[in-house]
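This report looks at a few local features of one protein model. Please view the sequence and structure below before reading on.

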Amino acid sequence: MATCCFEQGQTVKIEGIEHRLLQRVGSVWQLQQSKTGLFINHPHSVLLRLFAEGKLTFPSSIPARQLVIANDETSPKFELAKVKRSYVLAVLDLPNSRSPMEEAIQIVWNRIKSPEKPPAWTSVYAWKSRYVAANQDIRALLDNSFNKGYRGSRYPNEVIEMCHTSIEARYLSKERNGIQDTLEDALTRVKQENRLRPAGDALDLPTRKLIRRLIRELPAHRKCSARKGADVARKEFRSVKGHIVTRKPLERVEMDHTILDVFVVDDTKSPEDRVPLGRPYVTACIDCYTRCVLGIYIGFIPPSYQSVAACLKHCFMPKVNLKQEFPEIVNEWSAYGVMDQLVVDGGREFYSVSLDRACHFFNIDWVPSPRRTPWFKPHIERFMKTMNDSVAHGVPGTTFSDIFEKGDYDPLKHAVMTLSELKQNIYKWIVDVYHQQIHRSIGTSPAKMWASSVKPEDIRMPDELTRLDVALGRVYEGRRLSHKGVEFEGLFYNSPDLNDLRMREGANLLVDIRVDESNLGCIHVTYPKTAGEYSVPALDFEYANGVSLWLHKVLKNWQRKRERPDLTPEGLLEAKAQIKRRIAEAAREKRLKPSRRRGRLDEALSNAAETARNRRLPEVPQVHSEEVIQAKYRTDSQTEDVADLEQSTIEDSDYPVFQAIRRKEISYEQPKDNH
């Protein structure tokens, strides 16, 4: 690096404008702009302040391309520059004449014996001129021979334009054609043009070297964007100019979905009869400040608002019964509460009206990520990968991260883990491993970070746990309330409160309902004009309690496909038993293929049975309308086709909900005419 000083004749740049120091009068320098000739005066202290602020610089006479080579002080070019400097220093104070310079050059050569013979005095004079002009910077003596030669193109402009056209058409395409394809296209274009020209005016044919040079001159971002896509280019060439800083727990929470890289089997009693169900989904939330996992859903419900609501419910609630359900877990899962910000990606389930209203109910700021920018929520993305590597990889039934890593390993053949065992392993890994390990970003473990930074009085929770499922339910607007009640998917809901509402406001009203899709036992009815809210049970509560919306559609579809006018209830039960026997035989013979739909059915039946055991039938008002009783059991013909009920191998005796299902099948019998 060179050194400079404020002296007469010195050139400086002030905010990019070149000036020359003319003279100093006292403590004031007189400067002249190089382009305009304008004279200005600056005190010496002002020039020093401008230099300290970086606004005043001393321009270098060394080419920019030469500065790059000077960075390597061990290169042969730099060693040669040091030899040149020795000769320059010997003649620096001598007059620029032949005789004294040759004597000094001979003395230096006798001492260092480099190069093979003494350099000519004219060469040393040229080195001296460059060295002095660069303010005695050794980089001015570096070999600059690589800059020699003609720098323009040897090809006519027409050939260059045709080559650029071929590059745009062939190389800069999604098919990612190579240099050879691009060259052949350029040769074809030039040859076609030469056919229309006389022999003496023919264009030179492009070469592979020319095509390679033109491609090399293109911006790297443009080449990546054209060949791999704008999203890939944005990801590879992104620049981190800052990051979001959180200052307290629950300030910012990120949510995302993933599919675990492991197959699970069903929970049949005999291990040899178990059938692979598929790879379960995971929906998780992580706190950005403490890196604690607030909540997680593991199951076969695909990414939807139902899985999002299940994960949020797990986030909001304290995990007080976790160690009772899983005694092998040692530590406490202390992280819970309602977050201030919820960061999500572009999934359709995150843009639903139901999630928007739920966020307003709990005063949550919903923050969407830009399209295809996973780095906008990096904490949950990294957690999902860490969880997959720690829980799903290395266990029987793993699918690995890609097909090349899997090789000839068959995950379906080796799968042994059930969904309940997988949940247990993930819970234990989160509580006893992930929360206890020191996190590199925060310098401590997530559990200690949560304990040291959060106060119990600062954690927001839902005010009414009984309405939590309803507040997180899906919104259905414009439902008609009549003397039958409110109809939803073939089920009717009514209560004395709704009857009082009709008596006050009108016989037929349009209301909004919120439905907990995991349990159709009750819905939440809202009348927009009065803002009245009512919790309304199903008239067939014994059936609907614990039954999810998806399972309800499965049961309706199964009944509709097999219902015949002459079919008796006994025939329905016998047909159902035959279907179960066939599925049981297929399971024993391993003829059932992996199916997430079947896994979801098993999960829904298990949840329905658990809810039916834990909830009691509320007092449902007696409705004597024969029309309501008959309409209560009608099957909606517009229901979409879903999986058949016989996909499950679960026995009826394992789930009390089937007792209600049997009674509902009996109700399909045609009423007898007593007249």
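## Asn363 and its contacts

Leaving aside neighbours within four places in sequence, Asn363 is in contact (heavy atoms within 4.5 Å) with Met339, Asp340 and Arg460. Asn363 sits in the loop between helix 13 (353–361) and strand 12 (365–368). Helices (H or I, at least four residues) and strands (E, at least two) are DSSP runs, numbered from the N terminus.

Asn363 counts as exposed because its relative accessibility is 58%. The classes are buried, under 20% relative accessible area, exposed, over 50%, and partly exposed in between (1.4 Å probe, protein chains only). From C-alpha to C-alpha, Asn363 and Gln341 are 9.0 Å apart in space, and they are 22 residues apart in sequence.

## Source of the values

This is a predicted model, in which local features need pLDDT of at least 70 and side-chain atom pairs count only at pLDDT 80 or more, while totals for chains, interfaces and linings use all residues. Residues are numbered from 1 along each chain as its sequence is written, and side-chain values use heavy atoms, with hydrogens and water left out.

## Thr290, a loop residue

Thr290 lies in the loop between strand 9 (281–287) and strand 10 (293–299). With a relative accessibility of 0%, Thr290 counts as buried. Apart from neighbours within four places in sequence, the residues in contact with Thr290 include Pro249, Ile442 and Trp450.

Strand 3 (residues 28–33) and strand 4 (residues 39–43) run antiparallel and are joined by five bridges; two strands pair if DSSP finds at least two bridges between them. Val28 stands opposite Pro43 in strand 4. The two strands form a hairpin with five residues between them, and Gly37 in the turn has a positive phi of about 75°.
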